[in-house]
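Subject: Structure handover

Hello,

Please find the structure below, with the sequence. My notes follow it.

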Amino acid sequence: MKLQDLIPIKYPIIQGGMANIATGEFAAAVSNAGGLGLIASGGMDHIKIKEEIDKCRKLTDKPFGVNLMLMNPDVDAIAELLYEEKIAVITTGAGNPGKYLSRWKEQGSIVIPVVASVALAKKMVQLGADAIIAEGGESGGHVGDMTTMTLVPQVIAAVDVPVIAAGGIANGNQMAAAYALGACGVQVGTCLLVSEECPIHINYKNALLKAKDNGTTVTGRSQGAPVRILKNQMARQYLKLEKEGADKMELEKITLGGLRRAVFDGDVTTGSVMAGQVCGQLDEIRPIAEILEQLYNDAKARLDEISGSML
Ligand code: TUI
């Protein structure tokens, strides 16, 4: 199945959630450029999210969605808001959205949970999910243990709904690889951070452009909440403390407000600079429309090229 048959979008490309970054304005820019833009709910309460939804509606007549971050303290009120607002597409992350699914389906939302395991994918489909985003640990932010290469085919084998691949996708060859694995679309985040329209501090963008292939690390494994971020002073200190067996309180002291510090203040030294492992591939700041068009065209060209050359 084509993702464009499930959601009327030009390119089969969904924007990743990206807490504190993906505002209504940013989501509208992604949707206007031909992808599926999403308003991220991480870091916002339901009142602020309602404002972002209103803004997005003013800025685009294309479909857009909201990503519900399930660790958000205001999660129940946000879930209800998404129902009331009849949000066209709802994606979720960092947890199990099972208890909200039937309510969202009542009013016709397309529900696409982001999962990092086969077990959660199966549960979500049993509860009525329309599609699944299978996200490998190459991605930025909160991550699971599996890689995209291993997770996507195993999720596809386990469920009978369309599967979208995420994690480690920022160019046409990687998008083509996702299709080779059987995915019907991709979710991308990190490559959109270096777009002209992305509302993060310029220091955040520059840190991404400077980062090399091994520029990220995963903090928080000891706390059961692994988060992929750029290596910086904070990340090194955090990993050292984790190694020494520091407790939750001590660790939280250095990460508290870290994402906001990076996004809004441009503090890329002690801030939490969430990014995926594709950061080493990024070398310029471009308009979203150009990023999406090239991703799509290059993936098509790559798939044409290999279909004639293999075996
Ligand atoms: O959710 C994401 N990525 C995110 S959320 C986020 S906001 C944040 N801020 C500070 C600290 C932590 C998070 C930044 N990036 N991706 C989707 C995703 N979901 N990855 C992994 C999972 C996941 C993990 C465990 C989903 C479910 C789960 O367990 C569910 C269960 O039932 O056990």
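This is a predicted model: local features need pLDDT of at least 70, side-chain atom pairs count only at pLDDT 80 or more; totals for chains, interfaces and linings use all residues.

Residues are numbered from 1 along each chain as its sequence is written, and side-chain values use heavy atoms, with hydrogens and water left out.

Strands and helices. Helices (H or I, at least four residues) and strands (E, at least two) are DSSP runs, numbered from the N terminus. Two strands count as paired if DSSP finds at least two bridges between them. Strand S8 (residues 163-166) is covered on both faces, with Val163 and Ala165 buried on one side and Ile164 and Ala166 buried on the other; buried means under 20% relative accessible area, exposed over 50%, partly exposed in between (1.4 Å probe, protein chains only). S8 runs parallel to strand S6 (residues 132-135), joined by four bridges, and Glu135 stands opposite Ala166. S8 also pairs with S9 in the parallel sense, over two bridges; there the partner of Ala166 is Gln187. S8, H8 and S9 form a right-handed β-α-β unit (with the strands pointing away from the viewer, the path from the first strand over the helix to the second runs clockwise).

Separately, three strands make an open antiparallel sheet in the order S7-S11-S10. Its edge strands are S7 (141-142) and S10 (216-219), each pairing on one side only. Four bridges link S10 to S11 (residues 227-230), one partner pair being Val218 and Arg228.

Helix H14. Ile288, Ile291, Leu292, Leu295, Tyr296 and Ala299 are buried in H14. Seen down the helix axis, the buried residues fall within an arc of 120° (taken from the directions from the axis to the C-beta atoms), so they line one face. They pack (contact means heavy atoms within 4.5 Å) against S1 (13-15), H2 (24-32), H8 (172-180), S9 (186-188) and H9 (190-193).

Ser109. This residue sits in the loop between H5 (98-106) and S5 (110-115) and is buried, with a relative accessible area of 0%. A polar atom of the Ser109 side chain lies 2.6 Å from the backbone oxygen of Ile87. Not counting residues up to four places away in sequence, Ser109 touches Lys86, Ile87, Ala88, Ile90, Trp104 and Asp130.

Regards

Notes
A polar contact is a pair of N or O atoms within 3.5 Å; within protein, one must be able to donate a hydrogen and the other to accept it, and residues adjacent in sequence count only if both atoms are side-chain atoms.
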